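Keep the 3D view open and follow along as each topic comes up.

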Amino acid sequence: MAPPSRRAPPLRPEERRASIIAATIPLLRLYGRNVTTAQIAMAAGTAEGTLFRVFPDKESLIQAAIATLFDPTPTLRELERIDLAAPLRERLIQAIEVLQRRVEGIWQLISMLGMTMPPPVRPESGCAQTPRQDEQVHVQLERLFEASRDELRCDPAYAARLLRLMTFAGTHPRITDGMPLTAAEVVAVLLDGIRRRSEEEESC
């Protein structure tokens, strides 16, 4: 005789909220604001009524999903995990891949929702990006350059700024005309440039 099945323990409120938001984000990229609560409930594996016990209405859920996507915390964690012992080029490729995933994910959502700018910082959400968090992203990038300062012709802070600018410009679909640069291409331009140098210049 088969042992009786055990029901999975109920999710804690914050876990249920997070799981609903996680299920909502890809649907927003597909349907925009036309997504239905029935679709969200099915994707989240929960009853539609449960959504409204967690969020007062669909718009509140959408705003929470937007704030979560703009939250830079996961990006910061990925950047922090990059090994400083790896070669500079390898470190930068990893960092750009992290930034590209963020740019692409945000752009898809902005495009589907018809947004023209990031959402305002809402204290109750705790997720929207603040100037302080943006600075932390820059600090993590600067850290990658600082570990190889002797290989640079400029200050690590300036190098980090160039990396962010080139990554955004090389990833944003309205700038790249549908042909985004790979992380390796961005690093090649940043570190090596595009102009051939004469033997005299190479020796300098």
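Asp 177 sits in the loop that joins helix 9 (173-176) to helix 10. Please keep in mind that this is a predicted model.

- The backbone of Asp 177 deserves a look, as its phi is near 55°, a positive value in a residue other than glycine.
- For background, most residues other than glycine have a negative phi.

**The chain as a whole**
- The protein chain contains eleven helices and zero strands.
- Read from the N terminus on, its elements run α-α-α-α-α-α-α-α-α-α-α.
- Of its 204 residues, 36% count as buried.
- Among contacts in the protein chain with a separation of 6 or more, 67% come from residues 24 or more positions apart.

- Is Pro 173 buried, exposed or partly exposed? Its relative accessibility is 31%, so Pro 173 counts as partly exposed, falling between the 20% and 50% cut-offs.
- Leaving aside residues up to four places away in sequence, Pro 173 touches Trp 107 and Gly 178.
- Pro 173 and Gln 108 are 65 residues apart in sequence, while their C-alpha atoms are 9.7 Å apart in space.

**Helix 10**
- Helix 10 covers residues 183-192, and its buried residues include Ala 183, Val 186, Val 187 and Leu 190.
- Looking down the axis of helix 10, you would see its buried residues fall within an arc of 95°, so they line one face of the helix.
- After helix 10 comes Gly 193, whose phi is positive, near 75°.

- Helix 4 takes in residues 58-70, which is 13 residues.
- From its first C-alpha to its last, helix 4 reaches 19 Å, close to the 18 Å expected at 1.5 Å a residue.
- What caps the N-terminal end of helix 4? Asp 57 does, with a side-chain oxygen 3.3 Å from the backbone nitrogen of Glu 59.
- The buried residues of helix 4 are Leu 61, Ile 62, Gln 63, Ala 64, Ala 65, Ile 66, Ala 67, Leu 69 and Phe 70.
- Their cover includes helix 1 (13-31), helix 2 (37-44) and helix 6 (88-113).
- Ala 67 belongs to helix 4, and its relative accessible area of 7% makes it buried, since the cut-off is under 20%.

**Where helix 1 meets helix 4**
- Helix 1 and helix 4 pack at an angle of about 85°, and their axes are 9 Å apart.
- The two helices are therefore roughly perpendicular to each other, as angles of 65 to 115 degrees count that way.
- On the helix 1 side, the residues that meet helix 4 are Arg 17, Ile 20, Ile 21, Thr 24, Ile 25, Leu 28 and Arg 29.
- On the helix 4 side, their partners are Leu 61, Ile 62, Ala 64, Ala 65, Thr 68 and Leu 69.
- Ala 67 and Ile 21 are 46 residues apart in sequence, with 9.9 Å between their C-alpha atoms in space.

Conventions: Residues numbered from 1 in each chain as written. Predicted model: local features only at pLDDT ≥ 70, side-chain atom pairs only at ≥ 80, totals over all residues. Heavy atoms only, no water. Buried < 20%, exposed > 50% of the residue type's maximum accessible area, 1.4 Å probe, protein only. Helix = DSSP H or I, 4+ residues; strand = E, 2+ residues; numbered from the N terminus. Arc of directions from axis to C-beta. Expected span 1.5 Å × (residues − 1). Contact = heavy atoms within 4.5 Å. Polar contact = N/O pair within 3.5 Å; in protein donor to acceptor, adjacent residues only side chain to side chain. Axes fitted to C-alpha atoms, helices over the stretch in contact; angles between N-to-C directions. Parallel < 35°, antiparallel > 145°, perpendicular 65-115°, else oblique.
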